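Please give a guided tour of this model for someone who has it open in a viewer. At each stop, say what to select and what is there.

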Amino acid sequence: MSMSLMPLSEAIEANALDNTRLIATDIDGTLTQNGKFTSDLFQALFALKQAKIPVILITGRSAGWVQALKNYLPVTGAIAENGGLYYPLESDQPQFLISLNSISQHRKNLAQAFQILQVQYPHLQASEDNPFRFTDWTFDIQNISLSEIQQLTELCAELGWGFTYSTVQGHIKPKNQDKATGLLKVIQQYWSELTPEQILTIGDSPNDQTLFNSELFPQSIGVANLLEYRDQLTHKPRYITAGLEVEGFCQIAKVFNL
């Protein structure tokens, strides 16, 4: 039997999540419903807080967005830009998880890379949140086909960049920047006593797939809308929820409040 994409109900029956001491979760498509937060999400996050399960947000969203969310939601910290930087609970100063010699030069290099992509793909539209970013460059993903995504990945690699995408955006980024690498650095600094089995990772799209690498994170869950990307994933989560988007996240949160 495959050790991935098992129903969450099986994990509950086997008490497989009982050792969880930290949750790292994506935001868009995982904590949202049609792009918005719901009252159910707030109840689930507060319930996890009451259960003393710390939650880290880990998203492709910009530093500017994530700094704000970290202050408004009952979470322990937040990783922005797919592992680029971390905002701990007690500080609004970001901790960079990748090394940049000069942020301004880095931004120029990213903008140039995007311009090269636009020459071949004139319909690419830069995302409105680029002014709030430090480590990556984003463009809107809605009108881009799967074959174009593959070509963009290869073109970025030729230019010396990495590329990933979510339900919302495509990301031009440093090659060594991804959610798993960033999360492991944060865990090493703040939760070094935890074993991999005590960390639960949750997501819904291709930019979450490093969080589904069972060698790094043996306990991972995809919300049901992840199944749309099943064939595009190198790493698949161990479990899958019955519910889509935030409904799936709420099903996970209930496990810790039974």
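This is a predicted model: local features need pLDDT of at least 70, side-chain atom pairs count only at pLDDT 80 or more; totals for chains, interfaces and linings use all residues.

**Whole chain**

Seven helices and twelve strands are present. Along the principal axes, the C-alpha atoms fill a box of roughly 55 × 40 × 35 Å. The radius of gyration is 18 Å, which agrees with the value near 18 Å for a compact globule of 258 residues. Of those 258 residues, 55% are buried. Among contacts with a separation of 6 or more, 59% join residues 24 or more positions apart. Switch to a surface: the chain exposes about 11,900 Å², and carbon and sulfur atoms supply 50% of that area.

**The annotated span**

Select residues 21-228. An unreviewed UniProt entry gives this range as "domain: Sucrose phosphatase-like". The span is 31% helix and 19% strand, and its end C-alpha atoms lie 29 Å apart.

**The largest nonpolar core**

Next, show side chains for Leu 17, Ile 23, Leu 48, Leu 57, Leu 200, Phe 249 and Phe 256. Within the largest nonpolar core, which has 35 residues, these touch the most other members. Elements that each supply at least two residues of this core include helix H1 (8-13), helix H2 (39-50), strand S3 (55-58), helix H3 (63-72) and strand S10 (199-203). Strands S4 and S5 and helix H7 (245-255) also each supply at least two. The largest share, six residues, comes from H7.

Centre on Phe 256. Which residues does Phe 256 touch, not counting those up to four places away in sequence? They are Leu 17, Thr 20, Ile 23, Leu 48, Ala 51, Ile 53 and Leu 200.

**The second core**

A second, separate core has 24 residues; Leu 155, Trp 161, Phe 212 and Leu 226 are among them.

Now select Ala 113, which lies in helix H4 (residues 103-120). Is Ala 113 buried or exposed? Its relative accessible area is 5%, so Ala 113 is buried. Beyond its neighbours within four places in sequence, Ala 113 is in contact with Leu 159, Trp 161 and Ile 172. Trp 161 was listed above as a member of the second core. Draw a distance from Ala 113 to Asp 178: the C-alpha atoms are 19 Å apart, across 65 residues of sequence.

**Asn 82**

Move to the loop between strand S4 (77-80) and strand S5 (85-88), where Asn 82 is found. Although Asn 82 is in a loop, it counts as buried because its relative accessibility is 2%, under the 20% limit. Which residues are in contact with Asn 82, leaving aside neighbours within four places in sequence? Thr 59, Gly 60, Asp 136, Thr 164, His 171, Gln 177, Asp 178, Lys 179 and Asn 207 are.

**Glu 245 and Asn 34**

Glu 245 is in helix H7. At 19% relative accessibility, Glu 245 counts as buried, since the limit is under 20%. Setting aside residues up to four places away in sequence, Glu 245 touches Gly 29, Thr 30, Thr 32, Gln 33, Asn 34, Val 223 and Asn 225.

From Glu 245, step to its contact Asn 34. Asn 34 lies in the loop between strand S2 (22-25) and helix H2. With a relative accessible area of 67%, Asn 34 is exposed. Its phi is positive, about 50°, although Asn 34 is not a glycine.

**Leu 5**

Go to the segment before strand S1 (6-7), where Leu 5 lies. Leu 5 also has a positive phi, about 55°, without being a glycine. Its relative accessible area is 21%, so Leu 5 is partly exposed.

**Cysteines**

Finish with Cys 156 and Cys 250. Cys 156 is buried, at 1% relative accessible area, and Cys 250 counts as buried at 12%. How many disulfides does the structure hold? It holds zero.

Notes
Residues are numbered from 1 along each chain as its sequence is written. Side-chain values use heavy atoms; hydrogens and water are left out. Helices (H or I, at least four residues) and strands (E, at least two) are DSSP runs, numbered from the N terminus. Buried means under 20% relative accessible area, exposed over 50%, partly exposed in between (1.4 Å probe, protein chains only). Contact means heavy atoms within 4.5 Å. A disulfide is a pair of cysteine sulfur atoms within 2.5 Å. UniProt positions are given in the numbering used here, feature names are shortened, and annotations may be inferred rather than shown by experiment. The radius of gyration is taken over C-alpha atoms; the globule rule is 2.2 Å times the number of residues to the power 0.38. Accessible areas come from the Shrake-Rupley method with a 1.4 Å probe; for residues, only the protein chains shown count as cover. A nonpolar core is a set of buried Ala, Val, Leu, Ile, Met, Phe, Trp, Tyr and Cys residues joined through side-chain atoms within 4.5 Å.
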